[in-house]
Amino acid sequence: MILVTGGAGFIGANFILNWLAQSDERVINLDNLTYAGNLENLSSLKGDKRHIFTKGDICDSALLINLLTKFKPRAIINFAAESHVDRSIKEPDKFIQTNIVGTFKLLEATRTYWSKLERNIKKDFRFLHVSTDEVYGSLSSKESPFDENHRYEPNSPYSASKAASDHLIRAYYKTYRLPVLTTNCSNNYGPFQFPEKLIPLIIINALSNKPLPIYGDGQQIRDWLYVKDHCDAIRRTLEAGAPGETYNIGGWNEKTNVEIVRTICSLLDKLSPHIDGRQYDEQITFITDRPGHDRRYAIDSNKIKRDLGWKPTETFETGINKTVKWYLDNKIWVENIKSGAYREWINKNYKGRAL
Ligand code: NAD
Ligand code: DAU
């Protein structure tokens with residue numbers, strides 16, 4: 001069996017669903033259900049004995065040792081993190097705690113467990129750390145996409161905390177030979193993404209007749225990857241990646257934020273038009289920029305293609321179509337998210353930004 005941390009969040013939940021759709025190997029899902037953790041994402045697994053959920057924190061060493069000793073996983077995939085840049089600007093503490101201290105605690109518990117494994121099992125054990133392209137900082141329009149040797153230059157408390165966690169992972173390989181793998185991925189989108197992130201926020205605001213907030217001039221560029229492609233890349237890395245290596249994962253889909261928002265608007269004009277004939281892009285509103293806002297991310301994913309044979313299957317056009325349709329078809333999921341923690345966050349982040 002495998003241990004997945006943060007499996008009730010956006011990518012972790014997609015990963016578990018994807019994993020169990022392809023194999024019967026059991027998954028222990030350790031997640032402390034922060035505002036971003038939502039067991040509804042996994043409701044299709046209700047009663048499925050292959051999914052074992054445990055509510056708990058990756059900072060809790062005793063719990064980690066218990067879980068590892070009891071279930072004896074052959075691999076750990078670490079998704080658990082505070083993941084939203086804007087929140088890291090307003091409340092950095094939790095990012096330091098979960099992303100740095102939590103990764104450290106998980107590594108230490110894993111090292112204790114792994115060091116006692118039988119030689120054969122020990123050799124095949126893997127710890128895969130899911131990280132981000134944001135650790136590399138920001139590119140100018142002329143620079144080549146980030147490859148695995150790009151210098152680390154994080155610019156937000158979020159990316160700095162992820163960079164620190166990546167360094168710990170590296171150190172555990174160099175110092176203890178713990179068989180780790182690191183993946184650095186670009187922006188994901190798709191089903192079950194919490195609507196604090198650009199794409200689901202725009203879809204949901206558009207349908208609720210609310211302003212569509214674009215930070216600054218909206219010319220920032222991100223490299224978008226459909227979440228299922230990311231899950232496949234992680235699976236492939238776990239299967240065939242070389243311990244100690246890092247793999248960049250991206251979609252070769254560089255788009256400005258304005259392009260993203262306009263694409264969503266025109267899809268909604270077709271799929272769910274306003275009854276009064278208004279166009280969705282009339283709701284676009286430019287607001288105060290994010291402090292320290294990275295201008296451009298782009299991933300060179302040639303290494304994972306060459307060494308592991310992975311490449312994305314979705315284009316941005318096919319992926320965004322599926323995503324918009326998913327949010328239109330899953331109104332109950334959306335409504336449940338819109339009550340509670342989400343509403344509080346919207347008040348905190350957008351108040352005073354001239355919406
Ligand atoms: P998310 O915020 O949707 O989910 C994070 C999950 O981790 C939640 O279920 C939350 O409850 C859980 N969690 C948080 N703190 C925890 C703790 N201390 N102990 C146990 N569980 C905890 O995040 P996501 O977008 O699914 O991202 C998952 C991982 O992928 C993160 O490590 C993130 O840095 C990385 N990543 C995300 C993207 C992206 O575009 N979303 C891109 C590249 C990498
Ligand atoms: O690159 C990978 C990273 O992508 C992940 O590591 C992070 O976990 C994930 O949150 C994401 O970070 P971004 O900051 O790029 O994603 P976000 O959806 O917050 O913003 C995407 C772009 O849209 C960014 O340039 C900021 C802009 N934006 C965002 C929001 C929420 C807006 O213009 N308006 C908004 O309201």
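Biologist: Where is Phe192 found in this predicted model?

Modeller: Phe192 sits in the loop that runs between β7 (188-189) and α7 (198-207).

Biologist: Why is Phe192 called buried?

Modeller: Buried means under 20% relative accessible area. Phe192 has 15% relative accessibility, so Phe192 counts as buried.

Biologist: What is the phi of Phe192?

Modeller: Phi of Phe192 is near 70°, which is a positive value in a residue other than glycine. Most residues other than glycine have a negative phi.

Biologist: Where is Trp252, and what is its phi?

Modeller: Trp252 lies in the loop between β11 (246-249) and β12 (254-256). Trp252 is not a glycine either, and its phi is positive, at about 50°.

Biologist: Now ligand 1. Which residues come nearest to ligand 1?

Modeller: Ile11, Asp31, Ser83, Tyr158 and Lys162 come nearest, out of 28 residues around ligand 1.

Biologist: What makes the pair between Asp57 and ligand 1 a polar contact?

Modeller: A polar contact needs a pair of N or O atoms within 3.5 Å. A polar side-chain atom of Asp57 is 2.9 Å from a nitrogen atom of ligand 1, so the pair meets that cut-off. Thr98 also has a polar side-chain atom by a nitrogen atom of ligand 1, at 3.0 Å. With Asn188 a polar backbone atom takes part, 2.9 Å from an oxygen atom of ligand 1. On its own, ligand 1 has 840 Å² of accessible area, and the protein covers 97% of it.

Biologist: Which elements each supply at least two residues of the shell around ligand 1?

Modeller: They are α1 (10-22), β5 (126-132) and α6 (157-176). The largest share, 3 residues, comes from β5. By class, this shell has 12 nonpolar, 13 polar and 3 charged residues.

Biologist: Which residues are closest to ligand 2?

Modeller: Of the 24 residues that surround ligand 2, the closest are Asp133, Tyr158, Arg290, His293 and Tyr350.

Biologist: How do you know that His293 makes a polar contact with ligand 2?

Modeller: A polar side-chain atom of His293 lies 2.7 Å from an oxygen atom of ligand 2. The cut-off for a pair of N or O atoms is 3.5 Å, so the pair counts as a polar contact. Thr132 has a side-chain N or O atom 2.7 Å from an oxygen atom of ligand 2. For Ser83, a backbone N or O atom lies 2.7 Å from an oxygen atom of this ligand. Taken alone, ligand 2 exposes 690 Å², and the protein buries 95% of that.

Biologist: Which element gives the most to the shell around ligand 2?

Modeller: β8 (212-215) gives the most, with 3 residues. Both α7 and β8 supply at least two residues of this shell.

Biologist: How many residues line the largest pocket, and which lie nearest its centre?

Modeller: The largest pocket is lined by 20 residues, and nearest its centre lie Glu148, Tyr152, Arg170, Gly244 and Thr246. The elements giving two or more residues to the lining are α6 and β6 (180-185). α6 gives the most, with 6 residues. About 400 Å³ of space lies in this pocket.

How values were computed:
Residues are numbered from 1 along each chain as its sequence is written. Chains are lettered from A and ligands numbered from 1 in the order in which they are written. This is a predicted model: local features need pLDDT of at least 70, side-chain atom pairs count only at pLDDT 80 or more; totals for chains, interfaces and linings use all residues. Side-chain values use heavy atoms; hydrogens and water are left out. A residue is near a molecule or strand if one of its heavy atoms lies within 4 Å of it. A polar contact is a pair of N or O atoms within 3.5 Å; within protein, one must be able to donate a hydrogen and the other to accept it, and residues adjacent in sequence count only if both atoms are side-chain atoms. Accessible areas come from the Shrake-Rupley method with a 1.4 Å probe; for residues, only the protein chains shown count as cover. Helices (H or I, at least four residues) and strands (E, at least two) are DSSP runs, numbered from the N terminus. Ala, Val, Leu, Ile, Met, Phe, Trp, Tyr, Cys and Pro count as nonpolar, Asp, Glu, Lys and Arg as charged, and the others, Gly among them, as polar. Buried means under 20% relative accessible area, exposed over 50%, partly exposed in between (1.4 Å probe, protein chains only). On a 1 Å grid over the protein atoms alone, a cavity is a set of points where a 1.4 Å probe fits but cannot get out, and a pocket is an open set with protein on both sides within 12 Å along at least five of seven lines; lining residues have an atom within 4 Å of a point. Grid points are joined across faces, edges and corners, and a volume is the space filled by probe spheres set on the points.
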